[in-house]
Amino acid sequence: MKKLIAVIAVFAAVLSLSACKTFNMTPEEKQEYYAAEESKKVAASIQAENDYIEGVNKHSEETIGKTIKDKKIVIKNFFTLGYEYRVYEFNKKGDISHHYLYKFYDEVENYNVELEIGPSSSKKIVDKDPKARMIVYEIKETAPQTFDEIYEAYSNPRIIEHGYSIIE
């Protein structure tokens, strides 16, 4: 019985010493160790952001779709808090039937603040997805424009320089 207790005590001592990785390190080794740990955290954060961006792109491809001649125009833009997609849908007469704004927020806090602010007189929330940090608005007041007019406007090099691109 004493041998069993002694073996357990030795095992516990070895385990506790191995748990304290910085116990027998020089200051330089400790600095390297902490730098490596910080690098791991940064890498995990970058991976999380890349996963978010991949999720946004996947969601946009599956849900939002692409531009379809005379039926729908999809515009992507980067804004200070994330990504934004504008979707213009057209009826058979060529008039805008719906105008949606999909906003994907880079931070959970920004997403939550925007939800708290809520809709305005010119837009209403029609969908939201906390996992994608996305809010979809329907824009109520849209100037009457044709497919070709909107397409031409967003094809303008000055607009493209500001980060707008037509998704085709």
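This note sets out numbered points on the fold, core, ring contacts and loops of a predicted model.

1. Basis of the model. Residue numbers start from 1 along each chain as its sequence is written, and side-chain values use heavy atoms, with hydrogens and water left out. Because the model is predicted, local features need pLDDT of at least 70 and side-chain atom pairs count only at pLDDT 80 or more, whereas totals for chains, interfaces and linings use all residues.

2. Secondary structure. The chain has 5 helices and 6 strands; helices (H or I, at least four residues) and strands (E, at least two) are DSSP runs, numbered from the N terminus. Along the sequence, the elements follow the pattern α-α-β-β-β-α-β-β-α-α-β.

3. Totals for the chain. Of its 168 residues, 27% count as buried; buried means under 20% relative accessible area, exposed over 50%, and partly exposed in between (1.4 Å probe, protein chains only). The accessible surface comes to about 11,800 Å², of which 56% belongs to carbon and sulfur atoms. Accessible areas come from the Shrake-Rupley method with a 1.4 Å probe; for residues, only the protein chains shown count as cover. Among contacts between residues at least 6 apart in sequence, 47% join residues at least 24 apart, where contact means heavy atoms within 4.5 Å.

4. The sheet. The 6 strands make an open sheet in the order β4-β5-β3-β2-β1-β6, with antiparallel pairing. β4 and β6 stand at the edges with a single partner strand each, so one side of each is left without a neighbour in the sheet. Two strands pair if DSSP finds at least two bridges between them. β3 and β5 pair over 5 bridges in the antiparallel sense, and in this part of the sheet Tyr100 stands opposite Glu138 of β5.

5. Strand β1. Of the 8 residues of β1 (residues 72–79), 7 are buried, so the strand is largely enclosed by the rest of the structure. On one side, β1 and β2 pair in the antiparallel sense over 8 bridges and form a hairpin with 2 residues between them; Phe79 stands opposite Gly82 in β2. β1 also pairs in the antiparallel sense with β6 (residues 165–166), over 2 bridges, and here Ile75 stands opposite Ile166.

6. Nonpolar cores. A nonpolar core is a set of buried Ala, Val, Leu, Ile, Met, Phe, Trp, Tyr and Cys residues joined through side-chain atoms within 4.5 Å. The largest has 11 residues: Ile64, Val74, Tyr83, Tyr85, Val87, Tyr100, Tyr102, Phe104, Ala132, Met134 and Val136. Strands β2, β3 (96–105) and β5 (134–139) each supply at least two residues of this core. A second, separate core of 8 residues includes Ile73, Ile75, Tyr88 and Phe90. Within the largest core, Tyr102 is in contact with Ile64, Tyr83, Glu84, Tyr85, Val87, Met134, Ile135 and Val136, leaving aside its neighbours within four places in sequence.

7. Aromatic pairs. A search of the whole structure finds 9 aromatic pairs. Rings of Phe, Tyr and Trp (its six-membered ring) pair if their centres lie within 6.5 Å; planes under 30 degrees apart count as stacked, over 60 as edge-to-face and the rest as tilted. One of the pairs joins Phe90 and Phe147 edge-to-face, at 5.6 Å centre to centre and with 65 degrees between the planes. Phe90 lies in strand β2 (residues 82–90) and Phe147 in helix α4 (residues 147–155), so the pair ties together parts that are 57 residues apart in sequence. Both Phe90 and Phe147 are buried.

8. Further ring contacts. Phe79, Tyr105 and Tyr111 form one aromatic cluster. The charged end of Lys103 sits over the ring of Phe79, 4.7 Å from its centre, and that of Lys123 sits over the ring of Tyr137, 4.3 Å from its centre. A charge sits over a ring if NZ of Lys or CZ of Arg is within 6 Å of the ring centre and within 35 degrees of the ring normal.

9. Backbone angles to inspect. Most residues other than glycine have a negative phi. Asp70, in the loop between α2 (27–64) and β1, has a positive phi of about 65 degrees and is partly exposed, with a relative accessible area of 41%. Arg133, in the loop between β4 and β5, has a positive phi near 50 degrees and is buried, with a relative accessible area of 14%.
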